[in-house]
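Me: Could you walk me through this one? I have not seen it before.

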Protein chains: 2
Amino acid sequence: MRSRMTQPGRKRPTMRDVAREAGVALRTVSRVVNDDPTVGGELAARVRTAIAALEYEPDEHARQLRRGTSGLIGAAMRNFVDAHPVLSAVDATARDNRMTVLAMSTEDEEEREREAVMSMCRRRVDGIIIEPIGTNHQYLAAEMASGLPVVAVDRPCGGIAADTVISDNAAGIGMAFRHLVLHGHRRIAYLGDAERIFTGRERAAAFRACMAANGEPIEGLVHPGQIDTARVAASLAAVRAARATALITGNAQATVEVLRQLGPDAGSLALIGFDDFPLADLLRPGLTVIAQDSATIGRTAIGMLLARMADPDRPVQTVTVPVELIVRGSGELPPPG
Amino acid sequence: MRSRMTQPGRKRPTMRDVAREAGVALRTVSRVVNDDPTVGGELAARVRTAIAALEYEPDEHARQLRRGTSGLIGAAMRNFVDAHPVLSAVDATARDNRMTVLAMSTEDEEEREREAVMSMCRRRVDGIIIEPIGTNHQYLAAEMASGLPVVAVDRPCGGIAADTVISDNAAGIGMAFRHLVLHGHRRIAYLGDAERIFTGRERAAAFRACMAANGEPIEGLVHPGQIDTARVAASLAAVRAARATALITGNAQATVEVLRQLGPDAGSLALIGFDDFPLADLLRPGLTVIAQDSATIGRTAIGMLLARMADPDRPVQTVTVPVELIVRGSGELPPPG
DNA sequence: ATGAAAGCGCTAACAT
DNA sequence: ATGTTAGCGCTTTCAT
C-alpha cells in the first residue's frame, strides 16, 4: 500500500482510487463509506486506511445524482438578521437529521424569492422552508406536485396549499392592548405595516377588534402602511394630536423608527413593540415587547417538513405558535396626569 | 407536441424528456439550456416551448458532476448575526458572478468549523471563506493542495498559507485612545477578549502600545480574557478602583456586557466600543464605536477568492481594511471634575 | 461477504 | 447547425 503525500496540484481522489489502493472492489468502498455492516472486518480496516491515506472525501453531487436525494433543506427567508433565531432552530434540527440547510435571503423582493426557490429546486433540495413574499406562489405548484415538501413561516403562501407556521398575532396584540388598558391608558394608537402584508393585516385587524371590544372604542388611531421616516413622522403627529398616551408598534422596524424619532422623548409615551430584538433591554426605558417564539417556530417548521417527507399524504396543517409579553418598562409608563 | 399538466406524484422531467417532447437530440436541449448561440432559431424556440410545457429545471448535481464545478461558495462564519454584513457583501458579489453562497455557522467551536468545512468540501464548493476558530487549520492543507481556494476573514488561519482579510485593529484602538485623550482622559482602561484569540491579542497589544507611547504610561488597566458576567464585573470594579475615567471595550460582546452591568450609570464612564451594532445610536448616551467596514471586508474576501480561482499561482496576500470612528456621545463624555 | 455491470442527468469530444 | 457517444463518481440491482 503506497501512501501518497499531499502535494500541490494533485487530483482529488475518487472512490475508484481508494478501491485500487485498498485492493478491493469499488462496491466494497461504497459499503464502508455508507457504514454497511455486511463488510468484513479486515477489508473494512484496509479500506479505511486507504481512505485516510488518500484523504478521500466522497462527492455529494455524485451521491445525490445516484440516490435522488440531496440532504439539503432550502430556507428562503426575508433577511438573515431577523430570521436568525428561526434559522438557528432549523439548523439544529437539520443537523440532528444529517441534513444541511441552504439559506438564502430574499430581501423582501418577490423576484428574488422566486430566483432563490428555483435555484434551490435545481439543487434538488429535499424540502423548502419559505417566509413568503407577495401573495402568489403558484410557481411552486409544479415542484410540490413532484413531491417537494414546502413549509411557510410567519405568513401563508398564496394560491397553494402548504403547511404553515405562524405566530399568534391576534393574541399578541390583545395582550399588549389589555396590558396598556390595565396601566390606565384609554387612548391607545397602533402603527404597523401595510395591510397588504399578512402580518400587517392580522395585527391591524386584531387591534381594531380590541378597540371595538373595549367598551369605549377609540377611532382613528390605527395607522397601517409602509414603514418609512415620513409616514412614521406623520403617524406620530397624528398620535399626539389625538392625545393618545400609548402606542403599539406592529413590527420591529416600526418600533425602531418610532424610537429614533421620539429620541429623548421616548419616555413620554407608553410603548409596546411587536417583535423582540437584541438590546431592547438596554434602552431607557427598557422596551416592553410582544416576543415571537422563534425557536419553537423554527423547530415546528422543520418538524412539519420532515413529517411530510415521511408521509407526503398527511393533511396540510397550519400551526399557530403562542407569543409572549416581555415587560421592561416602556409598556408600564402611566398616562400623563 | 403534447402538453403535460402539473399532476400529483408525477416524476420530475429530465433533459431527455424535453428532447423527446421537442423532437430534438439531447445535446440540442443542453445547448439551449446553456445559451449556446450555435443553435438554430426555430429549434431553440421549440426546445424552449417544451421546457416551459414540462416545467423542466436542470439538475445542478448532474451538471456539477459532469462539469467538475459546483457554482457554490462556502462561508463558514462564527455566527450569522455578527457575520451578516460581511455575508451580504459576499452574497451580492457571488450573485453577480452566478454563484451561490452556502453559509454555515461554526458557533465558535473548532469541531463545528471542521465539520462545516468538510461538508462543504464534500459538496465540492469552488472556494471557501472562513472566519477561523483556533490556530490549527492543517486539515485544510489537502484540499488547498487539490486546488481549493481559501480566504480567511477577521483572523488568519494557522499552519497554512491562505489569503486573509482583517480589519486594522491597531489603528482602531489608536483612534479610540487618542479620541479619549483628546477629550481630557488620562486614566483609560481596556477590557477585551482573551489574548489567545487573534483579535483579542492584536487589540490588547495595540492598547499597550498606546499607553507606552502616551508619555505618562498607565499600568494595570488592560483586562483581556474571556467575556462573561463575573469577569466583566471584576474588571469594572478594577477600573473603578484605578479611578479610570474612560473605557475601551474590545468587541461587541464586551461592550454589551459592560452596558448591561453599568445600567443607569452608563453615563458615568466614557466608553468606546470596538465593533458597531444595530441600535447603538438609540442608547443614551449614544455609543461611540470603532466600526469595521464589513461591506469592504466581504467584497475583498470574495474578490480574493475569485482572483485565486482565476490564477491559482498568484502570491498569497493579507489585506488590512481601515476602520472608522463613529461619534455618538459615549466617547465624548469628559472626565468627572 | 464480495464483485461486476448498469445507470442517475448532464456536458464534452467528436462526428456529420 | 445538429446528433451520437462516452463518462463524471457514485449507489444499486444482480450475480457469485
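**The protein and its DNA**

Me: Which helices line the surface near DNA strand C?

Reply: Helix 2 (26–33) and helix 4 of chain A, together with helix 2 (26–33) and helix 4 (60–67) of chain B, each supply at least two residues of that surface, where helices are DSSP runs of H or I with at least four residues, numbered from the N terminus. This is a predicted model, in which local features need pLDDT of at least 70 and side-chain atom pairs count only at pLDDT 80 or more, while totals for chains, interfaces and linings use all residues. Residues are numbered from 1 along each chain as its sequence is written, and chains are lettered from A and ligands numbered from 1 in the order in which they are written.

Me: What about DNA strand D, which residues come nearest?

Reply: Of the 25 residues around DNA strand D, the nearest are Met15(A), Ala62(A), Ala25(B), Arg27(B) and Gly40(B), and helix 4 of chain A gives the most to that surface, with 5 residues.

Me: Switching topic, how many residues does each chain bring to the contact?

Reply: Chain A brings 42 residues and chain B 42 residues, with two residues counted as in contact if their C-beta atoms, placed from the backbone, lie within 7 Å.

Conventions. Near = placed C-beta within 6 Å.
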